[in-house]
Amino acid sequence: MGTRTVLQHSDITRALTRIAHEILEANHGASDLVLLGIPTRGAVLAERLDRILADIEPQWTAGSSRVGTLDVTMHRDDLGHGIGRAPQRTTIPASGIDGKVVVLVDDVLYSGRTVRAALDALQGIGRPRAVRLAVLVDRGHRELPIRADHVGKNLPTASDERVTLRLTETDGADVVLIEQPEVPERSGDGGSE
């Protein structure tokens with residue numbers, strides 16, 4: 001399997017800084033803004049965005065009660081297909097999400113099914129004024145009509161390739177990799193016809 005690095009630590013930091021600026025611009029500041037990261041790496045990215053927002057927006061305080069996590073495990077449509085994942089903790093800011101602009105934060109946008117599950121999970125929590133989506137990587141291949149509002153990097157990929165995000169907090173390093181499947185060796189006599 002061939003692997004190539006497409007983003008490193010500095011690239012990820014630049015992408016998240018750009019996303020933070022875009023979020024503030026689209027929202028006309030930090031008023032009524034809530035970040036909800038989708039575990040595992042989306043939650044880490046939301047925490048990083050929290051710190052970046054605090055550096056660039058006077059109305060935002062890092063570690064504030066405007067950042068949470070949203071587990072989507074029980075809302076996924078692939079639970080019956082043997083794709084197992086232990087439910088994670090959902091943490092909603094004390095002020096709730098009613099009337100707020102909720103920015104869902106995820107690592108890689110692919111089919112759109114995780115985002116659909118996140119929208120379903122939000123229904124049981126409250127009624128935001130608006131929901132936006134911020135992703136570090138959009139790799140295409142959507143199966144549902146879902147589009148990210150804020151994208152760190154568009155990475156056109158083949159459907160059989162795998163995009164892997166590693167973060168220092170969870171994996172010891174910041175890197176985005178594209179892994180290509182092994183091509184089976186051709187059998188035969190090697191001669192010409």
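The largest nonpolar core of this predicted model has 31 residues, and those with the most contacts inside it are L16, I23, L49, L136, V137 and V176. A nonpolar core here is a set of buried Ala, Val, Leu, Ile, Met, Phe, Trp, Tyr and Cys residues joined through side-chain atoms within 4.5 Å. Two or more residues of this core come from each of α1, β2, α2, β4, β5, β7 (162-166) and β8 (175-180). Helix α1 gives the largest share, 7 residues. Helices (H or I, at least four residues) and strands (E, at least two) are DSSP runs, numbered from the N terminus.

Apart from neighbours within four places in sequence, I23 is in contact with L33, L35, L49, V103, A134 and H150; contact means heavy atoms within 4.5 Å. A second, separate core has 19 residues, including V72, V102, L104 and L133.

The model is predicted: local features need pLDDT of at least 70, side-chain atom pairs count only at pLDDT 80 or more, and totals for chains, interfaces and linings use all residues. Residues are numbered from 1 along each chain as its sequence is written, and side-chain values use heavy atoms, with hydrogens and water left out.

**Helix α3**

In helix α3 (residues 113-123), the buried residues are V115, A117, A118, A121 and L122. Buried means under 20% relative accessible area, exposed over 50%, and partly exposed in between (1.4 Å probe, protein chains only). Seen down the axis of α3, its buried residues fall within an arc of 155°, so they line one face of the helix. The arc is taken from the directions from the helix axis to the C-beta atoms. Among the elements covering these buried residues are β2 (33-37), β4 (101-109) and β5 (130-138).

**Salt bridges and ring contacts**

The structure holds 10 salt bridges. A salt bridge is a side-chain nitrogen of Lys or Arg within 4 Å of a carboxyl oxygen of Asp or Glu. The table gives three of them.

| Pair | N to O distance |
|---|---|
| E22 and R18 | 4.0 Å |
| R51 and E169 | 3.8 Å |
| R142 and D138 | 2.8 Å |

E22 and R18 both lie in helix α1 (residues 9-27), 4 residues apart, about one turn of the helix. An α-helix has 3.6 residues a turn, so residues three or four places apart point the same way. E22 counts as partly exposed at 28% relative accessibility, and R18 counts as partly exposed at 37%.

R51 forms its salt bridge with E169 at 3.8 Å. R51 lies in helix α2 (residues 41-56) and E169 in helix α4 (residues 168-171), so the pair ties together parts that are 118 residues apart in sequence. R51 is partly exposed at 43% relative accessibility, as is E169 at 42%. A network of salt bridges links R48, R51, E169 and D174.

R139 lies over the face of Y110, at 4.1 Å from the ring centre. A charge sits over a ring if NZ of Lys or CZ of Arg is within 6 Å of the ring centre and within 35 degrees of the ring normal.

**A54**

A54 lies in helix α2 and is partly exposed, with a relative accessible area of 24%. Leaving aside neighbours within four places in sequence, A54 is in contact with W60, T61 and A62. A54 and A20 are 34 residues apart in sequence and 9.8 Å apart in space, C-alpha to C-alpha.
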